[in-house]
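Dear colleague,

Please find the structure below.

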Amino acid sequence: MNCHEIQSLAGPYLDSELDAKTSLAIQQHLTACPACARRFAAEQEFATRLTTALRRGEPTPELWRGIEERVRTAAARKNAARAGREQPAEPWWRAWLWPGPRFYAGVAALWVVMLAVHFGYLREPAQVQAASNPPSPVVQSALAQQRRELAEMLGSVSAPGAASATQPKLVSPRSELRQLHDQTGQTTWLPATPESLPV
Amino acid sequence: MHTTTTTEADRFLALLEPIERDLERYSRRLIWEPQEAPDALQNAVLRAFAAFDRYHEDASFRAWMFRILTNEVFALNRKHARIARHEFQLEPEELEGLVGTALDGEEGGAMPTPEALAERMEPELAAALRTLTDAERAVLLLRALGDLRYREIAVSLDMPLGSVMGHLARARLKTRLALARHQITPTSSKVSPS
């Protein structure tokens, strides 16, 4: 190697970054070349002085205390996040023995719904519907037909010349009064006589 | 679980403690705004702790920490966009021509004494570092303060090994020239600040 090549390797040589073979070649050259040896010595001295100068200045203890405190705070946050993620699962049998408040809340809600259905939805709406909605024309016609037939039958039973003594007296289930609903939905109590029955 | 995390923080701080001084000096020398050095340092340490799960024991913690801190400081330097304005512009040919002058400095009386560098030349040293590019300054400081090998510097700065050697050679030369500038007579020097 000539002087120019040796000079270009001054930095890596002084930093001990060269392989053994190249380092040996440089050492041999420096032994034989005072000019290069002088330049290498100057380079090394400058590097040492520069490093010494750059390393001046004391660390700031309060800065590092604050940093350490922040690291520990970050560690606590990390810990909390991990604890949230890695909570152990509850054994299955514990869920059966002690279902927990959600289960009981569900049972209570179910009871409330059942009671509401029983007292409010099934009974009351049926009564309200019967009172507010008049029978349809078909039903009214059927009822009228039935009444007519009943009146005819009762009339034939009470006709003159009939052997009323031998005929058994027909007894209506509600022999005295019959409950009828008129068009307005009002309840009317009428005597159960053929004449009083509406046709 | 708490014990595990406490151990993790303790382990991290135990690894950090021996290099605290070098990290602080490095951040103060590398950053453009000295008052931002504590913030850069704190952000880098917290960032490193957050990523400590991914740190492998067989890797160099020192190199890993310096890499994170370098990225943090570079980000701050980019934010201020002051790099180009302060650079000491020299063409490669000029640097080649100055090699002899710089290395012969001792003979010409331009070599600063250790005391001068250590005590009197602190402002000049800071100004000399400002003549370097970000990469040159980082390579020089990682070698001088971080005690990192060339290969570790290459990994830390994500650049080829040859680039590390080139940046380091230029950084040393430019620093030497900037420090010696006021002692070199115009007739003996080709340096002309841009």
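At what angle do the axes of helix α2 and helix α10 of chain B cross? The axes of α2 (residues 20-30) and α10 (residues 134-144) come within 10 Å and cross at roughly 160 degrees. Axes are lines fitted to C-alpha atoms, for helices over the stretch in contact, and angles run from 0 to 180 degrees between N-to-C directions. α2(B) is therefore roughly antiparallel to α10(B), a term for angles over 145 degrees. Here B:Tyr26, B:Arg29 and B:Leu30 of α2(B) meet B:Arg137, B:Ala138 and B:Leu141 of α10(B). Four of the residues in this contact are nonpolar and two are charged, with no polar ones. Nonpolar means Ala, Val, Leu, Ile, Met, Phe, Trp, Tyr, Cys or Pro, charged means Asp, Glu, Lys or Arg, and the others, Gly among them, are polar.

The model is predicted: local features need pLDDT of at least 70 and side-chain atom pairs 80 or more, while totals for chains, interfaces and linings use all residues. Residues are numbered from 1 along each chain as its sequence is written, with chains lettered from A and ligands numbered from 1 in the order in which they are written.

Chain B has 12 helices and zero strands, helices being DSSP runs (H or I) of at least four residues and strands runs (E) of at least two, numbered from the N terminus.

In chain B, 43 residues are in contact with 34 residues of chain A, that is, their C-beta atoms, placed from the backbone, lie within 7 Å. The side of chain B that touches chain A has 25 nonpolar, six polar and 12 charged residues.

Yours sincerely

Conventions
Angles under 35 degrees count as roughly parallel, over 145 as roughly antiparallel, 65 to 115 as roughly perpendicular and the rest as oblique. Two residues are in contact if their C-beta atoms, placed from the backbone, lie within 7 Å.
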